Amino acid sequence: MRDLDMEVDAKLHCYAIFNGTAESKPLADFYRLGGNDALPLWRGTPYANWHEVMPFIADVSELQDFVDWSEREASEDWGMLVTSPLPIADIFNHFRSLTQVWMPNGSHAFFRFYDPNFSIEVATMSDDEQRSLIMGPCHQWLSKQREATNTKPTQVGSDKSFPWWEVPDTVVRKLSEKDKSVLIANSVKWLRENHADLYFSLPEPATKAKVARLVAKHKAEFGSLNSYIKNALDKEVYR
């Protein structure tokens, strides 16, 4: 991992964002290494009871043992370290406001800000202006293999209602070229919410498999992805 900004600027705090979906259960290591007072990031949202997948935040500025663990022993998806001069309440508000984001097609989707394999990838693919918005008051997002630097951090943490951030279309295209799992998940969600007749026309595993196949076959000249999926399933279900 690259050097933390906090090592050259004592005014910066270092916070850990814990991935509640990680199999390694990194919160247990946090407490084992002396941590306490980790806060559930979906507190105050409709997802406050999603305990099994809850992301957490904690101040680890004084927990060098934990920082060392995150660099050397942690799994790649444990979460990430973020640096900022602002107090934890502002950082908490900013990440909670990223629970869901707008997609270019006008739908909204959960944003895996707690999974560095996804969130840091999105931040690095964004331009400076979009990166400044998504990273807000954070100077850096860091994991074992990735980092994103915000050259224009904001002076206050977001306390907006989600969704408010729109994933740039260029980022969606780059992600789809690299990994189509996000597109597949969003397309499945869109189909279920907007065309339940098509979604439930087959057992769910079969529908999801068909959507995945259509996403893989889709090309720009076919028109929008959602329209392509709907038209293809229309022909199959109502032929």
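Trp165 lies in the loop that runs between strand S8 (147-149) and helix H6 (169-178). The model described here is predicted. The relative accessibility of Trp165 is 1%; buried means under 20%, so Trp165 counts as buried.

Several residues surround this side chain. Apart from neighbours within four places in sequence, Trp165 is in contact with Leu98, Val101, Trp102, Val122, Ser126, Gln130, Leu133 and Ile134. One of these, Val101, is 64 residues away from Trp165 in sequence, yet the two C-alpha atoms are 5.2 Å apart in space. Another of the contacts, Gln130, also has a polar link: the side chains of Gln130 and Trp165 are joined by a polar contact of 2.9 Å.

S1 pairs with two strands named here. With strand S4 (residues 79-84), the pairing is antiparallel and extends over 6 bridges. With strand S3 (residues 56-59), S1 also runs antiparallel, and 4 bridges join them.

## Ala16 between two strands

In S4, Leu81 is the bridge partner of Ala16. In S3, Ala58 stands opposite Ala16.

In a regular strand, side chains alternate between the two faces of the sheet.

Note on methods
Residues are numbered from 1 along each chain as its sequence is written. This is a predicted model: local features need pLDDT of at least 70, side-chain atom pairs count only at pLDDT 80 or more; totals for chains, interfaces and linings use all residues. Side-chain values use heavy atoms; hydrogens and water are left out. Two strands pair if DSSP finds at least two bridges between them. Buried means under 20% relative accessible area, exposed over 50%, partly exposed in between (1.4 Å probe, protein chains only). Contact means heavy atoms within 4.5 Å. A polar contact is a pair of N or O atoms within 3.5 Å; within protein, one must be able to donate a hydrogen and the other to accept it, and residues adjacent in sequence count only if both atoms are side-chain atoms.
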